[in-house]
Each structure stands twice: as structure tokens, then as C-alpha cells.
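Here are my notes on the model you asked me to look over. Have it open while you read.

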Amino acid sequence: MNCDLNADESMLASMNSTDAAKAPLDLPVDGIELATYVAAKLCHDFISPSGAIVSGLDLMRDPSAQDMREDALSLIEQSARKMVALVHFARVAFGAATTSERFTARELQSLVTGLTEGGRASLDWRIHEGEFSKPQARALTNLAYLTVGALPMGGDAVIQSRVENGFLFIEGFAEGARARLKPEAVTGLAGERLIEGLAGQWIQPYWLWLTVVEAGGSLHVTVEDGRIVLVARMPV
């Protein structure tokens with residue numbers, strides 16, 4: 001994959017000129033309304049593996065399905081691992097339910113690969129070794145997940161970072177024949193209120209935008225044929 005370590009010069013020039021001395025945010029969605037969207041997103045993610053675990057247990061208890069016992073055990077094991085991966089990811093990407101104030105690149109890579117491995121897209125993790133604050137960790141995990149998610153039919157996802165002039169740049173490059181962002185995701189990444197479409201497809205992109213902007217940074221998105229670029233710029 002052709003990934004420019006300095007991203008697009010025009011994009012960076014725009015980012016450099018718009019981050020200073022910003023007025024307090026006038027958020028389109030915040031407070032209780034934002035919490036309900038995040039809670040609904042998490043419940044949606046958790047219901048699939050938890051339901052599969054229950055289905056596996058039901059099969060094991062069914063006297064007429066004892067020949068499917070091994071399949072049931074496999075379903076329970078896979079679903080339990082998926083649930084654990086989701087919980088670990090959500091604690092960092094959406095919440096603060098952890099005593100850690102700093103996260104290593106290796107820890108964050110484990111969270112992302114725990115959710116994305118086994119999918120059609122390949123993940124190339126090029127994050128520099130070092131530690132990341134909670135806001136930076138939230139931004140990195142969500143940006144990485146959305147980059148991989150932009151390749152539903154497969155392709156190459158590169159996640160990389162660099163420090164320049166006192167700012168951390170987190171960059172996601174998704175390249176594939178069917179690389180795309182849903183309209184709801186584009187709306188969320190722009191920090192705009194959802195008017196139509198699915199809230200579940202909107203909240204995580206909006207959460208990424210909110211995380212970056214509230215930390216004093218900016219988020220820029222490039223959508224091209226077969227290529228998606230997400231760049232977050234945050235204070236070190």
C-alpha cells in the first residue's frame with residue numbers, strides 16, 4: 001500500500017491553521033443524548049456473542065442434540081472470546097473504566113486485533129513504540145477500527161502514527177476495491193448531527209470526532225475511489 005508518512009500537504013496545512021485558540025465547542029449531540037447513543041451501540045455489539053453463548057448452552061442441554069455437543073462447545077468458546085475482546089476494546093475506546101492513565105502501542109494493538117482478526121481486511125500496524133494518553137488511546141482504537149471497517153470486502157488497512165511540531169498524528173489508510181464509508185459515518189466524522197440513517201453506524205465516527213476535537217485536535221477525512229484516509233491530529 002502506498003502510504004505517505006506526511007499525508008497530504010494540503011490537508012496538513014489546513015489542520016495547522018485551524019487548531020489554535022478555538023472557542024468552546026457547540027456540540028450537536030452531548031450529555032444524556034450522547035450517552036444513550038453510546039449505550040445503544042454497546043448493547044448492539046454485545047448482544048450477538050452473548051446470544052450465541054446462550055444458543056450454545058441450549059444445544060448442550062437439548063437431549064436430542066447431543067451429536068452437536070462439539071459444535072456447541074466451539075460456538076460457546078468463540079463467542080466468549082469475542083465478548084471478552086469487545087469488553088476490553090470498549091473500556092478503552094468508549095469509556096474510562098480502567099485505572100490506566102497511559103497505554104502502550106502494543107496494548108492498543110492487542111485491543112484492535114482482538115476485534116478485527118479473522119476479517120477480510122489485512123491490518124498493517126505501524127504505530128510507533130511509546131505511550132498514549134487516554135484521549136489519544138480512544139482516538140487510536142476507534143480510528144483503527146473504523147479504518148478496517150471501511151474494507152467490508154477486503155483490502156489493506158494501514159494504521160500509523162508520528163509526532164511532529166508538538167502534535168501526534170494518527171493516520172488510517174484503507175485501500176481496497178470496495179473501500180467505502182457509509183453516509184452516516186461521513187456525517188459523524190464531520191461532527192454533525194444524524195438527520196437520517198442508522199444511529200449505530202453514526203455514533204462511533206461521531207465519538208471519534210468528539211474525542212479528537214475535545215482534546216484540542218482536528219480530524220480530517222479523504223474519500224476517494226477505492227481509498228479512505230482518516231487523519232487525527234492531537235496535542236502530544
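The points below go from the overall picture to single residues.

1. Ground rules. This is a predicted model, in which local features need pLDDT of at least 70 and side-chain atom pairs count only at pLDDT 80 or more, while totals for chains, interfaces and linings use all residues. Residues are numbered from 1 along each chain as its sequence is written, and side-chain values use heavy atoms, with hydrogens and water left out.

2. The overall layout. You'll find 7 helices and 7 strands (DSSP runs numbered from the N terminus: H or I of at least four residues for helices, E of at least two for strands). Along the sequence they come as α-α-α-β-α-β-β-α-β-β-α-α-β-β. Of the contacts (heavy atoms within 4.5 Å) between residues at least 6 apart in sequence, 68% join residues at least 24 apart.

3. Of the 236 residues, 45% count as buried (under 20% relative accessible area; exposed is over 50%, partly exposed in between; 1.4 Å probe, protein chains only). The protein exposes about 12100 Å², with carbon and sulfur atoms supplying 53% of that area (Shrake-Rupley method, 1.4 Å probe; for residues, only the protein chains shown count as cover).

4. Helix α7, residues 199-214. Its end C-alpha atoms are 21 Å apart, which agrees with the 22 Å that 16 residues should span at 1.5 Å a residue (the expected span is 1.5 Å times one less than the number of residues). Because 12 of those 16 residues are buried, α7 is largely enclosed by the rest of the structure. Among the buried ones are Trp-202, Trp-207 and Trp-209. The cover includes α2 (31-61), α3 (69-93), α5 (134-149), α6 (183-189), β6 (218-224) and β7 (227-235). After α7 comes Gly-216, with a positive phi near 90°.

5. Asn-142, worth a click. A polar atom of its side chain lies 2.8 Å from the backbone oxygen of Arg-138. Setting aside neighbours within four places in sequence, Asn-142 is in contact with Ala-93, Phe-94, Gln-204, Trp-207 and Leu-208. Gln-204, Trp-207 and Leu-208 are buried residues of α7.

6. Asn-165, another asparagine to look at. Asn-165 has a positive phi of about 55° although it is not a glycine. It sits in the loop between β4 (155-164) and β5 (167-175), and is exposed, with a relative accessible area of 70%.

Notes
Polar contact = N/O pair within 3.5 Å; in protein donor to acceptor, adjacent residues only side chain to side chain.
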